[in-house]
Amino acid sequence: MADSTMPFHVMAKPAGPACNLACEYCFYLSKSGLYPETQAFQMEEATLDEYIRQYIQYQPGPVVPFAWQGGEPTLMGLDFFRKVVELQNHYLPSGWRVENAFQTNGTLLTQEWCDFFRENGFLVGISLDGPPWLHDTYRHTKQGGPTSPLVLRGLHLLQESGALYNVLCVVNNVNAKHPLAVYDFYREEGVQHIQFIPLVEHLGNGRVTQRTVPASDYARFLIAIFNQWAAHDLGEIFIQIFEECLSVWAGYGAHLCIFAETCGRGLILEHNGDVYACDHFVFPEFKLGNLWDRPLDELVDSSKQRDFGASKRDRLPSCCHQCSVRFVCNGGCLKDRFLLSPQGESGLNYLCDGYKQFFTYITPFMEDLASLFHQKASPMMMREAMAAKVSALWRHVGRNDPCPCGSGKKYKKCCQEVQ
């Protein structure tokens, strides 16, 4: 077995870009153009076998994390994933274990699927952009109809089966204006693990689509939810970006690639064995090769991929080096770094102003939380401290006062609008 001390991660797309929905902001449906001769995107069993064998072989263990996405991976059918588990068990060294993450739109889930997930310990991510009146804005069936009834049915099946799950919410220009409606909906649905993913669609020359979340709206969205979470739900509801921030402030560093200093250890595996640099860089110029021609460990450690990962650190504009929150942001995701800095340098993140506002706002909270964490304070003690801090900051704010979020606007023209 290869002696690897640097783990890497692969997100496999066994059905390629195939999907049963037609969500307006999906960036992966167009990837079918990379394979114009392919009629049906289906990973063959031989490719699945070779992938699982290599991936386990080149991991340091004892835990091997697999991720399955698309497109829509349920289109492969349940027997395909039964084979996945069989092959994993076959190649797994004694004393090791696998962790499977499975991202789905939720519309094709059945009781049989959910029982399989529970029995085999899969963590299921289900895409849900808030209550139906917000979710259905951009997430449609191929006939243009709403998807929320199908998604909620899938969510409820997961909950009733006892399967592990989390919710992924794409924050766009519409639901960003209703943060508490989004958050309260998840609470009412009993969701305890949430990821908020900002939608940024670059059209070129610094222009973005109408669907793209404005950076300032994203900051207000996160701040409004942070206040509710910190004061009422800390320790009971787990929100990925807040957990990530606490990890950084507590001295454990970033776990998400978008906030790490460098990236490049998260590859994409297409249905035919092609390997790409990153989920957001599935383009011909970022193709690293095919696992049938060159093993995964050589692809991830190739000079091309190392240069890609290092560019996240090496191509930051000078204003980032001088930024007080660089230690948590690190310039954000490479895909969003398409603006010019105030000094005219390329590579500024589209979300920069929003990130800076949010990270600056939470700094005093995170400093206190990190201290309490190291003191081994209970979640209840943390919540009480955060509730007092939130109340002290916001309870006496008048309509014409500067908004406590740090936007520089009056409260009535800022966060009061999203309360």
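This is a guided tour of the structure above, one selection at a time.

The model is predicted, so local features need pLDDT of at least 70, side-chain atom pairs count only at pLDDT 80 or more, and totals for chains, interfaces and linings use all residues. Residues are numbered from 1 along each chain as its sequence is written, and side-chain values use heavy atoms, with hydrogens and water left out.

**Stop 1: the nonpolar core**

Select Tyr51 and Phe196. These two have the most contacts inside the largest nonpolar core, a group of 109 residues. A nonpolar core here is a set of buried Ala, Val, Leu, Ile, Met, Phe, Trp, Tyr and Cys residues joined through side-chain atoms within 4.5 Å. Buried means under 20% relative accessible area, exposed means over 50%, and partly exposed is in between, using a 1.4 Å probe and protein chains only.

Now colour helix α13, residues 352-374, which gives the most to this core, with 10 residues. Helices (H or I, at least four residues) and strands (E, at least two) are DSSP runs, numbered from the N terminus.

Which residues is Tyr51 in contact with, leaving aside its neighbours within four places in sequence? Show Val10, Ala12, Phe66, Trp68, Leu269, Leu291 and Leu296 to see them. Contact means heavy atoms within 4.5 Å. Then pick Met11, Ile268, Tyr276 and Val282, which are among the 8 residues of a second, separate core.

**Stop 2: charged partners**

Side chains of opposite charge can pair when their charged atoms come close. A salt bridge is counted when a side-chain nitrogen of Lys or Arg is within 4 Å of a carboxyl oxygen of Asp or Glu, and the structure holds 23 of these salt bridges.

Start with Asp279 and Lys13, whose closest N and O atoms are 3.2 Å apart in a salt bridge. This pair links distant parts of the chain, 266 residues apart. Asp279 sits in the loop between β11 (274-276) and β12 (287-290), while Lys13 is in the loop between β1 (9-12) and α1 (45-57).

Next, move to helix α3, residues 111-119, where Arg118 and Asp115 lie 3 residues apart, about one turn of the helix. Their salt bridge brings the closest N and O atoms to 3.0 Å. Arg118 counts as partly exposed because its relative accessibility is 36%, and Asp115 is also partly exposed, at 22%. Arg118 forms a salt bridge with Glu119 too, with the closest N and O atoms 3.5 Å apart. Glu119 has 56% relative accessibility, so it counts as exposed.

Before moving on, select Glu24, Glu201 and Arg211, which are linked in a network of salt bridges.

**Stop 3: cysteines**

A disulfide is a covalent bond between the sulfur atoms of two cysteines. The cut-off used here is a pair of cysteine sulfur atoms within 2.5 Å. How many disulfides does the structure hold? The count is 0.

Pick Cys26: the nearest cysteine sulfur, that of Cys19, is 6.3 Å away. Cys26 counts as partly exposed because its relative accessibility is 34%. Then pick Cys414, where the nearest cysteine sulfur, that of Cys405, is 3.5 Å away. Cys414 has 1% relative accessibility, so it counts as buried.

**Stop 4: the largest cavity**

On a 1 Å grid over the protein atoms alone, a cavity is a set of points where a 1.4 Å probe fits but cannot get out, and lining residues have an atom within 4 Å of a point. Grid points are joined across faces, edges and corners, and a volume is the space filled by probe spheres set on the points.

There are 2 cavities of 30 Å³ or more, and the largest cavity has about 110 Å³ of space. Its lining includes Cys320, Cys323, Arg326, Cys329, Asn349 and Tyr355. Helix α13 returns here, giving the most to the lining, with 3 residues.

**Stop 5: backbone details**

Select Gly61 and Pro62, joined by a cis peptide bond with omega near 0 degrees. Pro62 is in the loop between α1 and β2 (63-68). Another cis peptide bond runs from Gly70 to Gly71, with omega near 15 degrees.

Finish with two residues other than glycine. Asn330 has a positive phi of about 55 degrees and counts as buried because its relative accessibility is 10%. Lys376 has a positive phi near 60 degrees and, at 76% relative accessibility, counts as exposed. Lys376 is in the loop between α13 and α14 (379-394).

Key: 1 Å grid on protein atoms, 1.4 Å probe; cavity = no way out; pocket = protein on both sides within 12 Å on 5 of 7 lines; lining within 4 Å.
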